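Please look over the structure shown below, and then follow the questions and answers about how its parts are arranged.

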Amino acid sequence: MSNIVSYDERVKNFSWKIAEDELDYKPGQPINIGWYCSDRICQMGKGDKYALLWENAMGVEKKYTYNDLRLTSNTIGHFLRSVGIEAEDRVCIFLERIPELYLSFVGILKIGAIAQPLFSAFGEESLFIRLENAGTKAIITQRKHLGKVRKIVDKLPNLKHIIVVDHDGKKELMDNEVVFSLETATPVEDLKIHPTVAESPSVLHYTSGTTGQPKGVKHVHYSLISQYLTTKWVLDLQDDDIYWCTADPGWVTGTSYGIIGPFSMGVTQCVLEAGFSAEAWYKFIEKYKISMWYSAPTAIRSLMKAGEEIIKKFNLSSLRHLASVGEPLNSEAVIWSERVLGMPFYDTYWQTETGSMILCNYPGMKVKPGSMGKPFPGITAAILDIKTFEPVAQGVVGLIGLKPDWPALMRTYWANEETFKKKFENGWYLPGDRARIDSDGYYWFVGRDDDVINTGGHLVSPFEVESALLEHEAVAESAVVSKPDEINMEVVKAFVTLKPGFEANDDTELLIMNFIRKKLSPLAMPQEIEFIEKLPKTRSGKIMRRILHAQEWGEEIGDTSTLEDD
Ligand code: PRX
């Protein structure tokens with residue numbers, strides 16, 4: 001039986017107190033996500049149950065029970081305190097999806113510090129911007145990524161500790177670099193949990209906007225209330241489930257539902273630390289008998305492309321519930337999974353700022369392929385007019401608006417209160433997406449309300465890529481837009497004018513692409529660079545991305561009256 005008995009009943013009788021009661025939390029008392037994810041589960045008698053089953057591309061396996069999770073996170077928390085980390089200090093986790101990532105996240109929260117997970121494939125510039133903005137005090141990393149940190153550390157006066165979790169003694173360490181190894185550290189049985197309260201900061205996730213640098217989304221410990229209940233009702237996790245969330249904790253899905261949700265419910269979860277391959281993924285499901293699987297449209301489209309023959313080689317009968325997030329889940333993907341896996345992917349819509357799921361399809365509710373579903377009970381959502389911010393009639397496209405009253409909504413953008421305030425209009429929080437509601441109350445995604453590129457579920461700011469392009473010696477001017485892509489839905493495309501003396505050819509294109517990959521990340525790297533003589537600009541000199549975007553998507557160009565003359 002699913003955890004959500006009836007959607008309509010839940011909406012009628014809803015109160016966040018349901019989650020507070022299940023978590024034995026009383027307003028005003030301390031609440032610490034790290035403790036909830038480990039110590040509490042052990043106190044409930046589940047210490048011997050597996051919390052994390054981990055495997056990498058080479059087939060190396062590691063297993064951690066809830067008691068192991070409690071002890072290792074204690075040990076990491078104790079170590080961080082011993083080097084001088086205090087409550088509310090930002091501690092960046094710059095690790096591949098190795099066990100230390102998950103364990104240190106819990107450890108950081110236990111001592112009241114703020115976990116700042118960053119995608120390990122970020123290049124030095126992407127890393128620098130985020131560490132500088134957060135005033136990060138310590139970074140936990142591995143040998144492989146130490147070089148990037150060393151390149152920027154001199155420009156980061158607040159960064160006092162670089163903690164290396166897999167030091168093999170070969171490379172000499174610098175002054176501010178220390179070794180921490182879970183294998184050799186003495187396990188800490190008792191750690192004083194910092195008495196964080198509801199509004200104490202917990203996690204800082206970075207997300208991209210259209211203009212300006214990435215924004216640090218500040219979450220608090222009380223977010224657990226939403227994360228726990230959405231995990232229970234939407235992902236429908238149950239005690240004997242084996243859960244797999246494919247997201248990297250460098251992004252919010254990988255923390256809200258790849259750490260906090262499942263661990264706070266005491267469920268066993270699996271992590272595959274390897275790149276995508278349909279064969280490896282199906283094998284993983286078969287081997288670990290995954291029953292609940294939370295993934296993303298790009299991965300699903302890649303599986304569809306790999307074909308149906310390959311599926312027949314594996315026994316996937318353990319699967320009982322599937323969900324998706326991050327980008328529009330096209331109806332073909334839902335229909336495909338119904339046919340091939342025997343059940344649909346349940347789409348969920350939310351974002352870094354919302355901290356937990358907002359619009360969802362629930363077990364037991366009819367799935368309309370292509371729709372994002374309905375608001376989670378306790379979420380008041382509407383479609384708003386783009387000018388007046390008043391609710392529009394059913395069926396009309398407008399901005400998604402949310403009453404800002406659920407526990408996991410971000411509390412601010414780090415050191416950027418001004419931009420935070422701009423996210424609210426007429427009493428509504430605006431996620432920045434357009435949608436419509438059908439006559440059954442289902443929400444249908446229409447598009448983003450800005451120029452941010454969503455490539456394979458990851459947001460890329462055209463502004464950031466344009467700024468980085470300008471740092472290349474050959475680039476005079478640049479404009480970055482999205483272009484359609486079969487698997488990733490959209491990818492980054494750059495239009496570039498060259499400086500005199502540089503030739504528009506494949507070599508130059510490759511050099512610039514690589515430059516961006518190393519500086520920012522493989523995701524932000526343009527998949528195509530088109531060299532042009534002149535960028536379309538307004539008479540006041542602003543680049544008209546809109547025209548280039550329309551050209552890529554084969555859309556009407558629209559009003560060009562402000563375009564400068566030749
Ligand atoms: O535009 C929406 C899109 O992804 C944005 C949020 O991205 P991010 O903060 O990186 O968080 C992603 C994972 C929670 C949204 O503003 N998006 C997310 N889910 C969906 C979606 N677009 C369409 N359908 C979805 N289910």
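Q: In E28, which residue is the bridge partner of valine 496?
A: Helices (H or I, at least four residues) and strands (E, at least two) are DSSP runs, numbered from the N terminus, and two strands pair if DSSP finds at least two bridges between them. Strand E27, residues 489-498, pairs with E28 in the parallel sense over 4 bridges. Within E28, the partner that bridges to valine 496 is phenylalanine 531.

Q: On what basis are these values given, and what pLDDT do local features need?
A: Residues are numbered from 1 along each chain as its sequence is written, and side-chain values use heavy atoms, with hydrogens and water left out. This is a predicted model in which totals for chains, interfaces and linings use all residues, side-chain atom pairs count only at pLDDT 80 or more, and local features need pLDDT of at least 70.

Q: In what order do the strands of the sheet that holds E27 run?
A: The sheet is open, its pairing is mixed, and 3 strands form it. Its edge strands, each pairing on one side only, are strand E26 (475-485) and strand E28 (528-531). The order is therefore E26-E27-E28.

Q: Helix H16 packs on this sheet; what angle does its direction make with that of E28?
A: Helix H16, residues 506-519, touches E26, E27 and E28, where contact means heavy atoms within 4.5 Å. Axes are lines fitted to C-alpha atoms, for helices over the stretch in contact, and angles run from 0 to 180 degrees between N-to-C directions. Helix H17 (residues 545-553) also lies across E26, E27 and E28, running at about 40° to E26. For H16 and E28, the angle is about 130°.

Q: How far apart are the centres of domain 1 and domain 2?
A: The domain assignment, whose bounds come from an automatic or database source, gives domain 1 as 7-437 and domain 2 as 451-553. Contact between them involves 25 residues of domain 1 and 23 residues of domain 2. Taken over C-alpha atoms, their centres are separated by 30 Å.

Q: Why is one side of strand E2 and of strand E16 left without a neighbour in the sheet?
A: An open sheet of mixed pairing is formed by 9 strands in the order E2-E1-E11-E10-E12-E13-E14-E15-E16. Strand E2 (61-65) and strand E16 (374-375) stand at its edges, so one side of each has no neighbour, because each has a single partner strand.

Q: Which residue in the turn between E1 and E2 has a positive phi?
A: E1 and E2 pair in the antiparallel sense over 5 bridges, with tyrosine 50 opposite threonine 65 in E2. The two strands form a hairpin with 4 residues between them, and the residue with a phi of about 85° is glycine 59.

Q: With which residues is alanine 296 in contact, leaving aside its neighbours within four places in sequence?
A: Alanine 296 lies in the loop between E12 and helix H12 (297-306). Strand E12 (residues 292-295) pairs in the parallel sense with strand E13 (residues 321-325) over 4 bridges, and serine 295 stands opposite serine 324 in E13. The contacts of alanine 296 are Thr246, Ser324 and Val325.
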